Amino acid sequence: MSFQPNPGDEVVINDIAYTIGQHPAAPGLAYAQAGRQGIVYQLIPRTGTIHGAKALKVFFPKFRIPAMVYQSEHMEPYSELPGLRVCKREVLTPERNGALIGEHPDLLYAVLMPWVQGLTWFDVISDQKQLTAEESLQLARALAGTGSAMEQRGLAHCDMSAPNVMIPFFSEVQNSALTSAVELVDVEQMYGSKMDRPDALLAGSPGYAAHRTVHSGLWSSYADRFAGAVIIAEMLCWSDPAIVEKAWGESYFDQHEMQTSSERYFTMRGSLENRWGSKLSDLFIRAWESHDLSSCPTFGEWYIALASVDTQQAEAFLAALEAPQEDVTESSETDVVATPKDSETSTSVKQDAKAGNTSNSKQSPDQEAVVNRLFLQARALEDEDKPAAALEVYRSLYHFIPDNSAMQLEVEAAIKELDAKINSNTETTEPAVIPFYRSRKFMISSAVLIVLLAGGVPTVKILADQAEVKQQEAARIAAAKAAKDAEAAKLKQAEAEKQKAAEAAKQEADAKKKLAEAKQKEAETKKQEEERKALQAKYEKQAKYEAYLAKQEQQKKEAARKALQAKYDQQAKYEAYIAWKKENDARIAKEKAAAEAKRKQELAQKEALKKRRAQNVVTLIASYNKAYNAQIGRKTDSALSYARDFKNLYNTDASYFKGVGKVAARMSAINKFLSNSKYSLPDL
């Protein structure tokens, strides 16, 4: 039979007894959440606590794949990474769980994993739950850290979206064992070098999919970069009231707005720059304007940028918006949201100002440690007589060292020395190009190199060796290509000069012939033209005199007509103004009266609702206390009556009572007591 459990039903999996959890917002229904691939049920151990709850994911028939066993075995080591607790999974197989699957065939290849408490990022956006600046920064750093750790191991979630990002940070169930403020769920599509490619690939979720590249599905090590950039930007901006109010709905962006110059894009871009600085704004712009996923910033770049910011700028900007402004009668969105042109100008000014003050800036301890380690590795490669590899590492350091520092001078000298050494051994006819370490491509990739190098020296050596071989091969190919191009250019130039000389001789002969014909024709036409001009002058003089007389007469008539028309127009305008003013005054008075009446009505309704809710909370607490006291006095019937009164009143406004004090906890206890009169109500 199909698996359709009720709250309290017992399920035994791998010799451990669990009970089906009850949905907190729907008493009497199982705690279940439906997704794209299946339904997830909450299981609570009979002998454990809510902290040991498990999630049982029952897949739809299309997604019941035997290879899930192999995939889960390879996922388990990743469960130690922050944000990937659900990778610790057990798959229900016919060999180990035959009896249970025989009773419920739907459980074939179902997955048992840790239950993650808390809201999803989808819930935060849908409920328009505004965050503080500190919460925004903490969540963004947590997601960037999880993404960076996955990238370093060649992993990608492949369906990163708001419903798949859990926020245990906002859970009512406190758990000291939590290692990350965010957790990723629905990891069945995860990409990894040892993972099998899924039969059915997902193309990303609306509001997070990169439309320029996503056509047939996402499954690569770059799959999370664009969606991750959008979610990190949402998290950072969700402490900005203007962003929360402008959200499309289930995500900040409408899917049709992805990677377009929409109003929401410029609003978020301006908020990031004003509240968190140009570094984070530039990363978001790179992701938004990218033409493929590999061009998007890595999570490592996001993590480095987030490590160097704090909440002071965001809080100061918000305070400046909320502070009263003197001598200002109107406000404009342009104070907060930069237009494309204004945003670029602002970014340029900030970057110029920042360039002058870089010498006074301080690196974070983590970033400084990575830079020092990279510097020592470059020295080691130089000692091993690997100049090309050492040059690549020195160049990667260049943009992460404070200006005018001793290390910057030393690195610049090393770059020049190694560059000269390499170029002295290679002859090329190609024109000089901009130094690689000044190019935009290198600036983008250098952050990736630092994150990879932070993982250990062996990775750096491999990359360095590969870089040296590639550079030598590129130099050889470039020299051969330049020689071939030069020879072809010489032959082409000689042929062009020969053809040009022949064409010039032909053109000269044609020009002489045309010149002679032109002179003869000119003499004939000159005589005819003189005769025509004399006759035409006579006709024109007579026509001008007649036109002058007609014009004088027309001007007199036009002046009289205009004077009369002006008189009529002035009278009509005055009458129209009187009518408009009367109508406008009546309309304004009516609108003011209606607005005032509506405002008073809304205030009265809000005040009445507030009083009624406050009174209901008191009544609920009293009903619970009566039920508790009646149970203590062993008056079970009275206790049940008070419990039913409590439940009936609670259900009239459950969404409000759920967030008030311990009313939700009392409701949970009342439900248990109503379903089992032997249950002892706790003293709340």
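**Notebook: cores, charges and rings**

I started with lysine 421, which comes out partly exposed at 42% relative accessibility. My scale for that: under 20% relative accessible area is buried, over 50% is exposed, and partly exposed is in between, with a 1.4 Å probe and protein chains only.

Before going on, I noted that this is a predicted model, where local features need pLDDT of at least 70 and side-chain atom pairs count only at pLDDT 80 or more, while totals for chains, interfaces and linings use all residues. Residues are numbered from 1 along each chain as its sequence is written, and side-chain values use heavy atoms, with hydrogens and water left out.

**Salt bridges**

I looked up the partner of lysine 421 and found aspartate 385, in a salt bridge of 3.7 Å from N to O. Lysine 421 sits in helix α14 (residues 406-424) and aspartate 385 in the loop between α12 (365-383) and α13 (387-398), so this pair links distant parts of the chain, 36 residues apart. Aspartate 385 is exposed, at 54%.

I used this rule for a salt bridge: a side-chain nitrogen of Lys or Arg within 4 Å of a carboxyl oxygen of Asp or Glu. How many does that give? The count is 20 salt bridges.

Next I checked arginine 64, which bridges to aspartate 106 with the closest N and O atoms 3.5 Å apart. Arginine 64 is in the loop between β5 (54-59) and α1 (68-75), and aspartate 106 is in the loop between α2 (94-103) and β7 (111-114), so the bridge ties together parts 42 residues apart in sequence. Arginine 64 is partly exposed at 23%, and aspartate 106 is partly exposed at 21%.

Then I turned to arginine 599 and glutamate 596, whose closest N and O atoms are 2.6 Å apart. They are three residues apart in helix α16 (residues 457-632), so about one helical turn separates them. I also found Lys57, Arg89, Asp186 and Glu188 joined into one network by salt bridges that share partners.

**The core**

I moved on to nonpolar cores, meaning buried Ala, Val, Leu, Ile, Met, Phe, Trp, Tyr and Cys residues joined through side-chain atoms within 4.5 Å. Which residues touch the most other members of the largest one? Of its 89 residues, they are Trp121, Met235 and Trp238. Helix α5 (residues 225-237) gives the most to this core, with ten residues. Domain 1 (1-115) and domain 2 (118-309) both contribute, so the core lies between them; these bounds come from an automatic or database domain assignment. Apart from it, I found another core of 18 residues, including Tyr624 and Leu681.

**Rings**

I counted 16 aromatic pairs. The rule pairs rings of Phe, Tyr and Trp (its six-membered ring) with centres within 6.5 Å; planes under 30 degrees apart are stacked, over 60 edge-to-face, the rest tilted.

Tryptophan 121 and tryptophan 238 pair edge-to-face, at 6.1 Å centre to centre and 65° between the planes. They are 117 residues apart, with tryptophan 121 in helix α3 (residues 121-126) and tryptophan 238 in the loop between α5 and α6 (241-246). Both tryptophan 121 and tryptophan 238 are buried.

**Cysteines**

My last check was for disulfides, pairs of cysteine sulfur atoms within 2.5 Å, and there are zero.

Methods. Helices (H or I, at least four residues) and strands (E, at least two) are DSSP runs, numbered from the N terminus.
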